[in-house]
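Here's a quick briefing for anyone meeting this structure for the first time.

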Amino acid sequence: MDVEMKVEGQLGDITLSALQDVIGGLNRLLKGMGGGGEWSLAGLAEGSADLAARPLDHGDADVGHRLLCVVRELEERPEIPSCEDETTVRRVADLTGLVGRRGVAGLRVRTDRSSPWSQAVPLTPAVRMHALQAVKVKVRARSSFQGRLDKVNLRGKTPQFSLFNEARGLALRCNTTDDEVIDQVKRHMGEVVTARGDLSRNASNQPVHLRVDRLKLFEAPQRQVSVEDWAGVAPDWTNGLSSVDFVRRQRDAGASEDGE
């Protein structure tokens with residue numbers, strides 16, 4: 001799915017540096033929301049500052065729809081949208097912050113080329129204000145968070161990774177300087193782990209960021225084997241019956257013989 005962006009303003013007033021920053025900001029936002037793959041320039045309208053981007057990785061096809069949802073939610077409330085993390089919200093704020101500078105009068109996003117630009121989702125001042133409020137830390141405390149390891153970047157000055165809790169619909173950006181934690185992240189990529197450290201929350205009590213100093217692989221508690229679990233484990237011996245039915249039939253037969 002292509003993501004189209006309209007840079008509103010008068011041609012001749014929009015500076016090249018502003019357009020460069022818009023393209024760069026959109027690129028970082030789309031790559032961060034996806035799997036990190038490249039996006040190509042799929043369209044550039046003549047006589048305007050309209051552009052379209054297309055993911056080279058088919059796995060990122062839903063990023064455009066998610067981006068529209070993120071912008072709409074941030075327009076309404078100062079909270080991190082469901083299933084997204086701090087990085088996405090900060091990049092939306094950065095992109096929206098370009099409006100009103102160097103000839104950029106506005107920014108609009110759409111994924112349906114057939115719909116008019118007037119119905120596209122605008123990046124308004126409210127979006128930026130709510131985005132900045134959503135990632136503003138209100139309180140820090142020792143805590144833990146459980147989720148699946150994804151979006152790992154260990155090459156930067158401060159190694160980072162994300163945890164995604166599917167049951168709660170929460171994504172959390174984490175960083176660490178602990179060598180042991182870094183080794184564990186490498187080993188357990190894609191697995192569910194429990195991380196502990198200094199957890200930052202916003203005014204809505206949403207987790208924003210976790211500085212991790214302990215990490216361990218989550219092991220689901222083992223359930224005790226029941227009679228039903230053993231049912232039919234030897235179908236040839238039980239003549240195709242479950243263990244429960246086989247034992248019941250044997251007992252009934254024994255009772256009949258005793259009564260003769």
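**The chain at a glance**

Of the contacts in the protein chain with a separation of 6 or more, 63% are between residues 24 or more positions apart. Keep in mind that you're looking at a predicted model.

**Overall numbers**

- Counting up the pieces, the protein chain has 6 helices and 10 strands.
- The chain runs to 260 residues, and 36% of them are buried.
- Its accessible surface comes to about 15,200 Å², with 48% of that belonging to carbon and sulfur atoms.

**The five-stranded sheet**

- Follow the order β2-β3-β1-β4-β5 and you'll trace an open sheet of 5 strands, with antiparallel pairing.
- The edges are β2 (39–44) and β5 (121–122), each of which pairs on one side only.
- Helix α1 (residues 16–33) packs on this sheet and touches β1, β2, β3 and β4 (106–110). The direction of α1 makes about 150° with that of β1.

**Zooming in on β3**

- What does β3 pair with? On one hand there's β1: strand β1 (residues 3–8) and strand β3 (residues 50–55) are joined over 4 bridges in the antiparallel sense.
- Strand β3 is largely enclosed by the rest of the structure, because 5 of its 6 residues are buried.
- A handy bit of background: side chains in a regular strand alternate between the two faces of the sheet.

**Where two helices meet**

- For helix α2 (residues 63–76) and helix α4 (residues 125–134), the angle is about 85° and the axes are 7 Å apart. So α2 is roughly perpendicular to α4.
- Which residues in α2 meet α4? They are V71, L74, E75 and E76, and they meet A126, V127, H130 and A131 in α4.
- Sorted by class, that contact of α2 with α4 has 5 nonpolar, 1 polar and 2 charged residues.

Conventions
Residues are numbered from 1 along each chain as its sequence is written. This is a predicted model: local features need pLDDT of at least 70, side-chain atom pairs count only at pLDDT 80 or more; totals for chains, interfaces and linings use all residues. Side-chain values use heavy atoms; hydrogens and water are left out. Two strands pair if DSSP finds at least two bridges between them. Contact means heavy atoms within 4.5 Å. Axes are lines fitted to C-alpha atoms, for helices over the stretch in contact, and angles run from 0 to 180 degrees between N-to-C directions. Buried means under 20% relative accessible area, exposed over 50%, partly exposed in between (1.4 Å probe, protein chains only). Accessible areas come from the Shrake-Rupley method with a 1.4 Å probe; for residues, only the protein chains shown count as cover. Angles under 35 degrees count as roughly parallel, over 145 as roughly antiparallel, 65 to 115 as roughly perpendicular and the rest as oblique. Ala, Val, Leu, Ile, Met, Phe, Trp, Tyr, Cys and Pro count as nonpolar, Asp, Glu, Lys and Arg as charged, and the others, Gly among them, as polar.
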